[in-house]
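Colleague: I'm new to this one. Could you walk me through it?

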Amino acid sequence: SGPGRFEADLTAKPAIARFAGGVETPILAYDDETPGPLIEVTEGDKVTIRFANHIPGEETTIHWHGMPVPAEQDGNPMDPVASGADRLYAFELPEGSAGSCWYHPHPHGRTAEQVYRGLAGALIVKPRQDPIPAAYGDTPLFFTDLRLASDGSIPPNTMADLMNGRVGDHVLVNGQKKPVLTLPAGSRRRFRLFNASNGRFLRLTFGTAPITLIGSDGGLLEAPVPGLRVIDLAPAERAEVVVAFDQPGQVVLRTEDVDHGWMGPGRPDTAADLMTIDVTADRAETAPALPAKLRRIADLGPPVATRRLEFTETMSMGEGGMKMGFLINGASFDMNRVDVVAKAGQTELWEIANLADMDHPFHLHGTQFQPVETERDGRVSKAPYRAWKDTINVARGETVRLLVRQEQPGLRMYHCHILEHEQLGMMGVVEVR
Ligand code: C2O
Ligand code: CU
Ligand code: CU
């Protein structure tokens, strides 16, 4: 690799995991791991990934979620890598692109399945100058959602999964069920939290330990937001936090139950204990305090164009019975259609209106955006601070407004990141010219 360069080989292939007491579970894996290998680069790096698709009979791609890579390197459904084929992904990550990003497949009609079978990994783009004290560490917690049949296999999506987004039986943290972390009292830890599940909404708590939010999908905030008890992460959202573990004892990282609007009977209770932090009686060395200012986030200026996207759900009678449709501006995804034309380098206001009965996390490829405000029942609440995001939950009945500036030309996808909804059509194409 060498300074300023990152090179790696990555192969998608079938593998065997043992999640539950030695039972063999056939999965898909990048190399042999699920989640895939943690990739750490620094902003400014030139990244080259030699990718091979060894999945029998299935095309795939790698999408670089959250990174401003050129459109033809972004693993779009229009650029499949055939089974048995390979390709090079090459891009340069510009200054300012630091963030907690991730990578996952994006083939047409198969993304949801390939992700729940095991294909996803974290890609951390580090800033050149990191203002967070090194003594806090930098620990990724990559949450995935697993369902196992009694024979150890991963069952396919049910009708309820397709409607509501798949929710499994086990939330894994870095591929493990309820791992334990041991820390001395007085420790402060930096965690990067990734919701890499297909359809599970997370509401994370660290017992009663206060949480300081320091970053969003696209890197650090301008200033820390202290005193939080809960971090909400819709599918595909990420956050960076600092947690103080002052007293000896046990702290449980837990997700509370979230109702994001459920269709049909049998809404599962989504609460679960995820990880235990054993805080020992030894005292940690006193760590330096968090700086009051973390960085500056660019002012994108006033928007010169407005785009409106409306999320709706439809029911229709099809051959196999009732069929749910998930639409944006009344249309289902068509990769040969351009839905929105935007201008490179121009600041635009994107208005995402959720007219449906479920929450839909909106995601845009190729850039980070800035949330401006949320409107609900005619009341507008301004975003409390400036942040870079690439995924934002749009709750049922809400309209969210975002500042978007796409810098690079080409075709980009936007979609609901409940991957079952993406698969059922809740996706569109923006052409940036
Ligand atoms: Cu993380 Cu188009 O997706
Ligand atoms: Cu993406
Ligand atoms: Cu959705």
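Modeller: Start with a definition: a residue is buried if 20 or more other C-beta atoms lie within 10 Å of its own, exposed if 12 or fewer, and partly exposed in between, with C-beta atoms placed from the backbone. Gly22 is exposed, because it has 7 other C-beta atoms within 10 Å.

Colleague: Where does Gly22 lie?

Modeller: Gly22 sits in the loop between strands S1 and S2. Strands (E, at least two residues) and helices (H or I, at least four) are DSSP runs, numbered from the N terminus. The C-alpha atoms of Gly22 and Gly152 are separated by 9.4 Å, although the two are 130 residues apart along the chain.

Colleague: Before we go on, what kind of model is this?

Modeller: This is a predicted model: local features need pLDDT of at least 70, side-chain atom pairs count only at pLDDT 80 or more, and totals for chains, interfaces and linings use all residues. Residues are numbered from 1 along each chain as its sequence is written, while chains are lettered from A and ligands numbered from 1 in the order in which they are written.

Colleague: What's the average pLDDT of the chain?

Modeller: The average is 96, and 100% of the residues score at least 70. pLDDT is the predictor's confidence in each residue, from 0 to 100. The model also scores ipTM 0.99 and pTM 0.97.

Colleague: How many helices and strands does the chain have?

Modeller: It has 3 helices and 31 strands. The chain is as compact as a globular protein of 433 residues, because its radius of gyration is 21 Å, close to the 22 Å from the globule rule. That radius is taken over C-alpha atoms, and the rule is 2.2 Å times the number of residues to the power 0.38. Along its principal axes, the C-alpha trace spans about 65 × 55 × 50 Å. Buried residues make up 44% of the 433.

Colleague: New topic. Which strands form the open sheet?

Modeller: The order is S12-S20-S19-S14-S17, with mixed pairing. S12 (180–185) and S17 (231–233) are the edge strands, each pairing on one side only. S12 runs parallel to S20 (residues 272–283), joined by 6 bridges. Leu181 stands opposite Ile277 in S20.

Colleague: And the largest nonpolar core? Which residues touch the most other members?

Modeller: Trp102, Leu123, Val125, Leu193, Val241 and Met426 do, out of 101 residues in that core. Strand S18 (residues 238–245) gives the most to this core, with 5 residues. A nonpolar core is a set of buried Ala, Val, Leu, Ile, Met, Phe, Trp, Tyr and Cys residues joined through C-beta atoms within 7 Å.

Colleague: What is Leu193 in contact with?

Modeller: Beyond neighbours within four places in sequence, Leu193 has contacts that include Leu141, Ile231 and Val241. Contact takes C-beta atoms, placed from the backbone, within 7 Å.

Colleague: Last one: Arg166. Buried or exposed?

Modeller: Arg166 is buried, because 25 other C-beta atoms lie within 10 Å. Its place is in the loop between helix H2 (159–164) and strand S10 (170–173). Leaving out residues up to four places away in sequence, Arg166 touches several residues, among them Tyr116, Asp145 and Glu420.

Key: Two residues are in contact if their C-beta atoms, placed from the backbone, lie within 7 Å. Two strands pair if DSSP finds at least two bridges between them.
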